Amino acid sequence: MMMSCESNSKKLSVEVFETSESGNKLTKISNFNTNENASIIKLDTSKTFQTITGFGGAFTESSAYLLNRLSKKNRDTILQAYFSKDGANYSLTRTHMNSCDFSLSQYSYSPVEDDMELEHFTIKEDKDDLIPMIKDAMKVSEDGFKIFASPWTAAPWMKDNKKWVGGKLLSKYYDTWALFFSKYIDAYKEEGIDIWGFTVENEPLGNGNNWESMHYSPDEMTNFVKNHLGPKLDEDYPNVKILGYDQNREHLKEWVDSQFKNEETSKYFDGTAIHWYASTYDFFAEELQYAHHKAPNKYLIETEGCIDSQVPEWKNDAWYWKKEATDWGWDWAPEKDKHLHPKYAPVNRYARDIIGCLNNWVDGWVDWNMVLDKQGGPNWFKNWCVAPVIVDPEKDEVYFTPLYYTMAHFSKYIRPEAKVIGLENSDKDLQVTAVENQDGSIAVVVFNEGKIAKDFKLQFGEKETAIHISAQALQTIIISNKN
């Protein structure tokens, strides 16, 4: 049902969905009163910014394994919740090539040493859990979704330290490693799964020598893409995208400077991938703006973020709204960076970051694991994290945390090919972003982090409507194309 403000000829008809600390979960709300002191949010479709690629999460072996341990009913419920039109309708997803920390063990698709032509390449490790999860998600999704893949490391035999963790790819294997990406597309295509793109390397700066990793400097990655990976994919699969970097935004400038130094270095990079772990609250607007202006026609996609170094709270919605979570920097960040890692509320971190990204040229935002257990795993390194959906496979129970609804506020209503539009917001305590979808509808997302409810007037053209947002609440407001 559409609702509007007082009956005059200039009313703006909208639908409002709210998720709040008080208990709303994408709940449709209406019947707002006009408050003369309300702030104003004014939309301007004459100003447009980036085109949206999508929103979603990652297919990991851990998530897929957990789904296989649940009843068919609960497995289906989760896949419907993430991929159906009635659910979050995820449109952009990630997966890992070879193992990562959210795998059950360490493995590579190239298990035979010095197999330069990768004649023994095999994705058999993915066939029990990962591939069935992706295929079942594809069946659920009416609109379809893009998948990009990221390697954490090449097999140890290709590296200078001969280990899963750390080290660099030996130059004599650069062509073998480029072939690896092409073989991966082949193998997944045989399973009926199309790969949209790749990031060159998950976290090329390393992860503190904890789990699977492989190091590149900015120029080393640029060289590998320019002379090996780019030409190989251009020959075999020219439409598959290549995203560089794939780590925290604090170092973004030096990476885009290398990738987009000139036409020759830029040629094979379709964009840049970023993570959020450098800070719990700073979305690094300056770095994002810099990256966009360095390569305005390239993708800028947030490819991983999660509540990390934290065991999830089970069936405790309140925890996700309270500033009690800690991250990797809480314990060991250097003194100069401690202030970047205070205790924080998980919902706040997601909502602030996604809105901040959208207001600074980011065109896609991908969450990490879709499903984890009550411990925040399985994770072979015991690097516990939180996912929007937590399950107890022993009891066959599922918990949709407030983070699930937070993601859905964006993924469900901001569709691929939407354009971010201009707006004016008179209340600095409300965080706001807006897009115009291809069907002409407009989605406005408003986050009220504060503990006091607020009123605002949403203005579009000659029309307006009064809206009330609860304390600690996220709203998506839909203006249909019939206004």
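The following chat goes through a predicted model of one protein.

Student: What does the secondary structure come to?
Tutor: The protein has eleven helices and 22 strands. This is a predicted model, so every value here is computed from it.

Student: What radius of gyration does it have, and what would a compact globule have?
Tutor: The protein has 22 Å. A compact globule of 483 residues would be near 23 Å, so the two agree. Along the principal axes, the C-alpha trace spans about 75 × 55 × 50 Å.

Student: How much of the protein counts as buried?
Tutor: Of its 483 residues, 60% do.

Student: Which residues have the most contacts inside the largest nonpolar core?
Tutor: That core has 124 residues, and the ones with the most contacts inside it are Phe83, Leu169, Trp177, Tyr188, Phe198, Phe224 and Ile414. Helix H4, residues 174-190, gives the largest share of this core, ten residues. Apart from it lies another core of 21 residues, among them Val14, Ile29, Phe456 and Ile477.

Student: What does tryptophan 177 touch?
Tutor: Leaving out residues up to four places away in sequence, tryptophan 177 touches Asn98, Pro151, Thr153, Ala154, Met158, Leu169, Met214, Tyr216 and Phe224.

Student: Switching to isoleucine 78. Where does it lie?
Tutor: Isoleucine 78 is in helix H2, which covers residues 72-83.

Student: Buried or exposed?
Tutor: Isoleucine 78 counts as buried because its relative accessibility is 1%, where the cut-off is under 20%. Beyond residues up to four places away in sequence, isoleucine 78 touches Leu67, Leu70, Val371, Val389, Val391, Val398 and Phe400. Nonpolar side chains tend to be buried together in soluble globular proteins.

Student: How far apart are isoleucine 78 and glutamate 142?
Tutor: They are 64 residues apart in sequence and 16 Å apart in space, C-alpha to C-alpha.

Student: On to H3. Which of its residues are buried?
Tutor: The buried residues of H3 are Leu130, Ile131, Met133, Ile134, Ala137 and Val140.

Student: What covers them?
Tutor: The cover includes strand E4 (54-59), helix H1 (61-69), H2, E5, strand E6 (146-151) and H4.

Student: Where is serine 103 found?
Tutor: Serine 103 is in the loop between strand E5 (92-97) and helix H3 (130-140). With 1% relative accessibility, serine 103 counts as buried.

Student: Which residues is serine 103 in contact with?
Tutor: Setting aside neighbours within four places in sequence, serine 103 is in contact with Glu61, Ser62, His96 and Trp380. A polar atom of the serine 103 side chain also lies 2.9 Å from the backbone nitrogen of cysteine 100.

Student: What about cysteine 357?
Tutor: Cysteine 357 is in no disulfide, and the nearest cysteine sulfur, that of cysteine 306, is 15 Å away. Cysteine 357 counts as buried too, at 1% relative accessibility.

Student: How many disulfides, then?
Tutor: The count comes to zero.

Note on methods
Residues are numbered from 1 along each chain as its sequence is written. This is a predicted model: local features need pLDDT of at least 70, side-chain atom pairs count only at pLDDT 80 or more; totals for chains, interfaces and linings use all residues. Side-chain values use heavy atoms; hydrogens and water are left out. Helices (H or I, at least four residues) and strands (E, at least two) are DSSP runs, numbered from the N terminus. Buried means under 20% relative accessible area, exposed over 50%, partly exposed in between (1.4 Å probe, protein chains only). Contact means heavy atoms within 4.5 Å. A nonpolar core is a set of buried Ala, Val, Leu, Ile, Met, Phe, Trp, Tyr and Cys residues joined through side-chain atoms within 4.5 Å. A disulfide is a pair of cysteine sulfur atoms within 2.5 Å. The radius of gyration is taken over C-alpha atoms; the globule rule is 2.2 Å times the number of residues to the power 0.38. A polar contact is a pair of N or O atoms within 3.5 Å; within protein, one must be able to donate a hydrogen and the other to accept it, and residues adjacent in sequence count only if both atoms are side-chain atoms.
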